[in-house]
Amino acid sequence: MTTRYTDEEWLDHINQAEKDLPNTPVIFKVPDVGTEAFAKTIDHTLLKLDATKEQIDAICEEATRFDFKSVCVRLKWVDRVVHSLRGSSVDIACVVGFHEGTQDSAEKAADAKTAVDAGATELDMVMNYELLKQKKYSEVYTDVAAVRDVAPYPIILKVILETSQLSPREIVAGCKIAEAAKADFVKTSTGFNGKGATQENVRLMKSVVGDNMKVKASGGVKTVNDCIAMMEAGAERIGASSGVGIMEEAKSLRKQATREARMEGVEGY
Ligand SMILES: O=C[C@H](O)COP(=O)(O)O
């Protein structure tokens with residue numbers, strides 16, 4: 001079993017990370033609304049337990065049409081999504097330990113391996129945030145590392161902290177553990193437990209992980225303005241079940257901006 005630090009050593013590490021937090025918030029650059037780069041920030045997500053195969057096929061068609069970054073589904077749908085997205089530039093993300101995060105590490109690792117063997121290129125695993133709250137840091141690390149071990153880079157590993165259930169200090173701890181386990185992203189929320197992503201939590205997560213990791217904002221991100229707020233706070237990926245609505249709003253905002261620029265005689269329009 002992979003271990004790294006004792007719980008006491010983790011505590012020192014987390015205290016230090018809190019001390020190192022920058023005082024001045026940074027505002028991150030956001031891709032132009034409605035562009036390809038904007039669409040490529042979105043993981044088009046369907047995680048309802050009662051999702052049907054018709055709904056899964058529909059999100060694959062939408063993801064291809066809007067050229068989203070990925071389709072994000074539960075394990076039982078990975079085969080179908082791999083088949084549906086073959087030949088497209090849309091990636092396949094599978095959730096692991098969803099949505100409680102309390103499953104055994106062995107079960108999480110086995111599910112992660114099954115997903116990757118079936119063709120998933122990204123894994124969104126739920127951290128065992130109950131253990132995190134009990135300050136069992138070493139066990140939380142082992143749990144994330146168990147999934148990383150069976151799904152090394154270039155598989156993208158995102159660790160869902162479920163920020164609505166955590167204090168700011170626990171969010172710092174979750175980020176440091178995910179970073180030490182060599183995950184690629186920390187992600188705010190499952191969308192199934194309490195409030196989803198907030199600008200404040202995304203900002204905190206980005207300030208902890210800096211350039212070492214990326215941040216994914218998910219849960220309750222429903223509009224272009226929500227996306228902008230998250231990206232300005234440091235998110236580079238958005239997880240949303242409202243991707244189509246977001247893109248339709250983005251396209252109409254873009255059209256409107258072009259029309260206004262033309263009317264004002266802005267060069268290039
Ligand atoms: O990971 C993504 C979330 O489950 C999506 O949540 P949402 O339905 O609030 O967009």
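## Overall architecture

Helices, of at least four residues, and strands, of at least two, are DSSP runs numbered from the N terminus. By this count the protein has eleven helices and eight strands. Its radius of gyration is 19 Å, close to the 18 Å that the globule rule gives for 269 residues, so the protein is as compact as a globular protein of that length. The model is a predicted one.

Along the principal axes, the C-alpha trace spans about 65 × 45 × 30 Å. Buried residues make up 46% of the 269 in the protein. Of the contacts with a separation of 6 or more, 71% are between residues 24 or more positions apart.

## Val 186 in strand β6

Strand β6 covers residues 185-187, and Val 186 lies in this strand. Val 186 counts as buried because it has 27 C-beta neighbours inside 10 Å, where 20 or more are required.

Ile 160 is 26 residues from Val 186 along the chain, yet their C-alpha atoms are separated by 6.1 Å. Neighbours within four places in sequence aside, the contacts of Val 186 are Val 159, Leu 161, Gly 174, Cys 175, Ala 178, Met 205, Val 209, Met 213 and Val 215.

## Surroundings of the ligand

The ligand is surrounded by 13 residues. The closest of them are Gly 191, Ser 218, Gly 239, Ala 240 and Ser 241.

By residue type, the shell around the ligand holds ten polar residues and three nonpolar ones. No charged residue belongs to this shell.

Technical notes:
Residues are numbered from 1 along each chain as its sequence is written. This is a predicted model: local features need pLDDT of at least 70, side-chain atom pairs count only at pLDDT 80 or more; totals for chains, interfaces and linings use all residues. A residue is near a molecule or strand if its C-beta atom, placed from the backbone, lies within 6 Å of it. Ala, Val, Leu, Ile, Met, Phe, Trp, Tyr, Cys and Pro count as nonpolar, Asp, Glu, Lys and Arg as charged, and the others, Gly among them, as polar. A residue is buried if 20 or more other C-beta atoms lie within 10 Å of its own, exposed if 12 or fewer, and partly exposed in between; C-beta atoms are placed from the backbone. Two residues are in contact if their C-beta atoms, placed from the backbone, lie within 7 Å. The radius of gyration is taken over C-alpha atoms; the globule rule is 2.2 Å times the number of residues to the power 0.38.
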